[in-house]
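Here are my notes on the model you sent. Please read them with the structure open beside you.

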Amino acid sequence: MSIDAQVRHTEGESLESYLNFWSAADKGRGSVAAVIAALAEAGAAIAAVIASGPLLGAMGAEIGQANADGDKQRKLDILADEAVVSALRRTSTAYYASEEEEAIVTLNADGDLAVAVDPLDGSSNIEANISVGTIFSVFPASPAGATASFFRPGEEQSAGGYIVYGPHTSFLFTLGEGVAYFVLDPATRTFRLISHGLKIAPSTREYAINASNYRHWLEPIRTFIDDCVEGSEGPRGKDFNMRWVASLVAETHRIFMRGGVFLYPADQRAGYEQGRLRLLYEANPIAFLVEQAGGAATDGAERVLGKSAASLHQRTPLVFGSAEKVARIASYYNDSTFNRSRPPLFGERGLFRS
Ligand code: AFP
């Protein structure tokens, strides 16, 4: 991890002090700062429940309904959604979009923000005691209403971030001025600053993908992974390592801490034509954070932050992380002459080792 020198913030500073400093610079910033504080409060409450695990009952138990996206809802999904909504009700959030809600919910009609949230990402990992998280994206509310507030390019976000409930609870967010990294102090239940201006290592030898989907992938992804797997004997001329937690927040946090690239591409399974992850409350905030840290995020054809959602739970293929690696993967997509049986191209790829 490398950190930009920033003198105005000190390690251990409270989230409250950090947000007060930021919002004092401009009158319009207060409502965004209040949303970050509310999400932190909800996150601390969710972290406390997760820390108790099965002592509070079977939090990973499916409760019979499928959410708007077709995934089975678990007890903790609902609890997390309720914690987030009740915290946001006390802010100037006009519109709330959630993985757990079929449609946009109006919270405070006079509010000036629109907040999209995946309250509990990776919930299928709960019983295994593997990290799960909350992901969020904040847009200015549009005078044109709820839909227009969300269906716009991700680059118009005011803030984005995630909370990871792992061995400790980490909170990374961006207000468009770099990435701030906080950790929850369990003694005081307050978030304290670890660093400001977090950067993602530009290059990496580590990738994350669910390799059991190999046979469903399209040619560019298969070839990229084949090249990695061949390691020092293949066109890349070096060895790679692979990780897959199946929890987007945990993968993202690992990439922030030590570099790497994450891939959830489109594939040939029914329902995966646009990958698995959701644009509004997963890809958008992750892409915003990653770009703010010097990394990159693409759907293979275009920059994620240039995309506009056309539906609330829209999926998108997602590749993000170390900038050089993301550019390299995009170049596999852009190679229209791709044909694995043609050795010259294989050799040509080998010329651009990164
Ligand atoms: P859940 O919240 O249903 O566990 O889904 C999490 C997730 O959307 C994302 O965090 C992972 O990257 C992805 O699913 C893993 O899914 P696969 O099982 O397809 O690898």
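1. A polar contact is a pair of N or O atoms within 3.5 Å; within protein, one of the two must be able to donate a hydrogen and the other to accept it, and residues adjacent in sequence count only if both atoms are side-chain atoms. By that rule, 17 residue pairs are in polar contact across the interface of domain 1 and domain 2, with both residues of each pair at pLDDT 80 or more. The pLDDT condition applies since this is a predicted model.

2. In the contact between them, 48 residues come from domain 1 and 33 residues from domain 2.

3. The area buried between domain 1 and domain 2 comes to about 2900 Å². Carbon and sulfur atoms give 62% of this area. There is charge pairing as well: two salt bridges are found across the interface.

4. Which residue meets Glu155 in a salt bridge? The partner is Arg303, and the N to O distance between the side chains is 2.6 Å. The cut-off for a salt bridge is 4 Å, so this pair qualifies.

5. Several strands each supply at least two residues of the side of domain 1 that touches domain 2, among them β4 (93–98), β6 (113–121) and β8 (159–165). Strand β7 (132–140) is also in this group. The most comes from β7, which gives seven residues to that side.

6. Strand β17 covers residues 318–321. Leu318 and Phe320 point one way, while Val319 and Gly321 point the other way. In a regular strand the side chains alternate between the two faces of the sheet. Are these four residues of β17 buried or exposed? All are buried.

7. β17 has paired strands to check. Strand β15 (residues 261–264) runs antiparallel to β17 and is joined to it by four bridges. Here Tyr264 has Leu318 of β17 as its bridge partner. Strand β16 (residues 296–298) is also antiparallel to β17, with three bridges.

8. How many of the 11 residues of helix α6 (residues 248–258) are buried? The count is nine, so the helix is mostly covered, with buried meaning under 20% relative accessible area. The buried residues include Leu248, Val249, Ile255 and Phe256, and also Glu251, His253 and Arg254. After α6 comes Gly259, whose phi is positive, near 85°.

Note on methods: Residues numbered from 1 in each chain as written. Predicted model: local features only at pLDDT ≥ 70, side-chain atom pairs only at ≥ 80, totals over all residues. Heavy atoms only, no water. Buried < 20%, exposed > 50% of the residue type's maximum accessible area, 1.4 Å probe, protein only. Pairing = 2+ DSSP bridges. Contact = heavy atoms within 4.5 Å. Buried area = accessible area lost by both parts, 1.4 Å probe.
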